[in-house]
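Dear colleague,

I am passing on the structure below, together with some notes for a reader who has not seen it before. Please look through it with the notes beside you.

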Amino acid sequence: MRMTRYFLPVLKETPAEAQIVSHRLMLRAGMIKQSAAGIYSWLPLGYKVLKNIETIVHEEQARAGHHAMLMPTIQSADLWRESGRYDDYGEEMLRIKDRHDRDMLFTPTAEELITDIFRAHVSSYKDMPLTMYQIQWKFRDERRPRFGVMRGREFYMKDGYNFDLTKEDALHAYNRHLVSYLRTYERMGLQAIPMRADSGPIGGDDTHEFLVLAETGESEVFYDSAVTELTFGDREIDYDDHAQCAGVMEEFTTKYARTDETHDEALFNEVPEERRRVARGIEVGQIFYFGTKYSDALGATVQGPDGKPVAVHMGSHGIGVSRLLGAIIEASHDDKGIIWPEGVTPFHVGIVNLKQGDDEADAACDSLYAQIEAMGLEPLYDDRNERAGGKFATMDLIGLPWRITVGPRGLKNGVVELTSRKTGESEELVPAVAIAKIAEIYGKS
């Protein structure tokens, strides 16, 4: 994409309403625009990152054997009354009436709706296990929406639901989700720590939140510093292998890591003092096992192997897709702007022309642009007739991982400059070598 043809309304000044880094930088980088309190329009740059995050989530859900679907944002209140949650959920639920005076609601979560789908179409244990998920907009009417997309009212979320015949099978689904989430977050350049948490209005006895450590996190967390040394890496997992998934679950959850709601001071004090940490974290996902809570309430049963009806065991599993975008920025930025990890960056490399209109510089940039596109990568070419300082400031603000700088002085020596946004290190390379290095970084060589 050429910047002269792209809609990128960057701001030089920080808007007064922005209180945390991610909100400030998303507004300044032209990624979002507030349309109402806690509700945002996603502008092209922000939307590209949002879709990149969504793609990773879809890929890892497919790898784990889960089926994508889509449910409506507006639900009937009847199902929620049937489950008993309509009055219990609280004021965060946006309740509305249609033209026929029927009670409706804007989806905050979809346990009732997915259970209704299941009970209408699945009647035998032979059709199980089954896990379905969607990535869809949700709405929770926060009393004090703040911090941009981190605490908005409308948000983009992956919510998945497993249906299993036994508790053992449902706990395997729980472990399977934990494994798939660890891989998902690492692909985004994040270390998200699974922490024992409170189930809140979803219900159930088993639940873990995934938290990214950040000074602006809304949750106080207590953990053994040894958990930050754990990485999922490139290990291959057979998601059908109960023992293997349980092993990963145990590895990542046996060391102390809890949110403030479930913190146990006595247990925490058993951790060696030098490894005890108290910090703040951003929740980016949560997994639940709640047994037969919803299947009992909504009559979701199947015929078991003995021909008798069995209430199915369920769990739900969420990833905050839009919130992740803010969390990545909170975890990866400096005083110049955003630093995108390669896995989610809106463009793979930026090209800066230091002398727009110079025939040699223009031709070199056009050649680099064409070669990068030919590899299946997306470059962002700053072809504006602006001063070099302004171009560098924009590139630093929007945070592309790599920048190629082209100018007449370098071209006289046959080189361009390749700069890492993360480290700030630059090296002068002949254009072909710079292209080869970009190809290697993104696995295109």
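Cys-365 is buried, because its relative accessibility is 0% (buried means under 20% relative accessible area, exposed over 50%, partly exposed in between, with a 1.4 Å probe and protein chains only). Cys-245 likewise counts as buried, at 0% relative accessibility, and a search of the whole structure finds zero disulfides, a disulfide being a pair of cysteine sulfur atoms within 2.5 Å.

Please keep in mind that this is a predicted model, in which local features need pLDDT of at least 70 and side-chain atom pairs count only at pLDDT 80 or more, while totals for chains, interfaces and linings use all residues. Residues are numbered from 1 along each chain as its sequence is written, and side-chain values use heavy atoms, with hydrogens and water left out.

Turning to the backbone, most residues other than glycine have a negative phi, and most peptide bonds are trans. Asp-101, however, has a positive phi near 65 degrees; this residue lies in the loop between β5 (94–97) and β6 (103–106), where strands (E, at least two residues) and helices (H or I, at least four) are DSSP runs numbered from the N terminus, and Asp-101 counts as exposed at 53% relative accessibility. Phe-147 also has a positive phi, of about 65 degrees, and is placed in the loop between β7 and β8 (154–164), but Phe-147 counts as buried at 19% relative accessibility. The peptide bond from Met-128 to Pro-129 is cis, with omega near 5 degrees, and Pro-129 is found in the loop between α4 (111–121) and β7 (130–139).

With kind regards
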